[in-house]
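The following exercises are to be worked through with the sequence and the structure in view. Each task is followed by a solution in steps.

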Amino acid sequence: IDFQLSNNSNKPNEKYHAHFAGYRIQESRGNYGNAFRHLEEGNLNKRETLKYNILEDQEIERSLTNILNSDFIKSHTGVGNNSAAPIFIVGFPRSGTTLVEQIISSHSEVKGLGEIPFFVNSTVQVKNKYRLRGSLSEWLPRLGDHAWKEIGDVYLQKIEKISGEKTRFTDKALLNYRAIGIIRLCLPNAKIIHIDRNAMDVCFGCYRQLFNENWKFTYAFDELAAAYASYQTTMSQWRKLFPSFLMRISYEDLIKNFDKSVSDIISFCELEYETACQNPHENQRVVTTLSASQVRQPVFKSGINRWRMYEEYLTPLQEALTRQGINY
């Protein structure tokens, strides 16, 4: 039996909530055709409620990687706060970042802080203090060496209020991937772990979810593919600039070679190995992301190639990724 919408559901927000609920119900019954129809309608309805231009996001990422190039980084080396406490975890939504945070925060020395907006807020706070105006390309190069350190200082002051007695902490605000060049200058001894995942799995994973306002590109295949391509271009630039500052983890490798991957992650963070990190599902910290229920279970492989359940319906997504030069 298909999930039917009430005739009274005329408001766009009511429609998309109903369709996403219908998708869950139909998938649980194995009715993948009906499930996908609800998903398609739900995403279309949700997109209609949003004012969004992906070109603006792409321009932000281009500006950051253009400004924070090799010469710029070299000319500002050694100006930041030298704390080694932060461990940043970045990636595209639905890439496995919550699992990695659970692994690291299972360590006795680490406090898992989740998706906190502190780094971006600290950068904006310092920018406003010095009354800098204009676009990124106009104000970012005008930050003096003292200001780069100040961003790191302000960030750590915000963290101190919530981090407790632990000596290290994780910050899983996903959009920090755009700011890796800034992080490198402000907090040169921080660690950054980038979680990558198969393009179809991660993009379809996004399409299946209702997100908060940060992720407006997830409701249409063309925008989703363009955002994913821009993200990959941005991360490729950071990896070239900061090969030792940045660790890339493949979600698939993490799941298939779990014990070794956990050992490598803990080693990269310069922490002593603890067996608790092998059992992230036993970590009782509060998790508020969409993966909250998943990380309470032992690690499972069913998330790999999950998109193939809907393969016959996802040709438009494959074509959109191909147009962006993305292999899947």
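**Exercise 1.** Leaving aside neighbours within four places in sequence, which residues is Glu-252 in contact with? Then determine its surroundings in this predicted model.

*Solution.* Begin by locating the residue: Glu-252 belongs to helix H12, which spans residues 251–256. Beyond its neighbours within four places in sequence, Glu-252 is in contact with Asp-196, Arg-197, Asn-198 and Ile-304. Next, examine two of these partners in turn. For Asn-198, the backbone nitrogen lies 3.1 Å from a polar atom of the Glu-252 side chain. Arg-197 is the nearest side chain of opposite charge, at 4.6 Å. A salt bridge requires a distance within 4 Å, and Glu-252, although buried, has none.

**Exercise 2.** Is Glu-272 buried or exposed? Describe its position as well.

*Solution.* Second, consider accessibility: because its relative accessibility is 63%, Glu-272 counts as exposed. Third, list its contacts: not counting residues up to four places away in sequence, Glu-272 touches His-107 and Ile-266.

**Exercise 3.** Which element gives the largest share of the lining of the largest cavity?

*Solution.* Start with the count, which comes to one cavity of 30 Å³ or more. The volume of the largest cavity is about 40 Å³. The largest share comes from H3, with four residues. The lining residues include Tyr-52, Tyr-177, Arg-178 and Phe-217.

Notes:
Residues numbered from 1 in each chain as written. Predicted model: local features only at pLDDT ≥ 70, side-chain atom pairs only at ≥ 80, totals over all residues. Heavy atoms only, no water. Helix = DSSP H or I, 4+ residues; strand = E, 2+ residues; numbered from the N terminus. Buried < 20%, exposed > 50% of the residue type's maximum accessible area, 1.4 Å probe, protein only. Lys, Arg positive; Asp, Glu negative; His and termini not counted. Polar contact = N/O pair within 3.5 Å; in protein donor to acceptor, adjacent residues only side chain to side chain. Contact = heavy atoms within 4.5 Å. 1 Å grid on protein atoms, 1.4 Å probe; cavity = no way out; pocket = protein on both sides within 12 Å on 5 of 7 lines; lining within 4 Å. Points joined across faces, edges and corners; volume = space filled by probe spheres on them.
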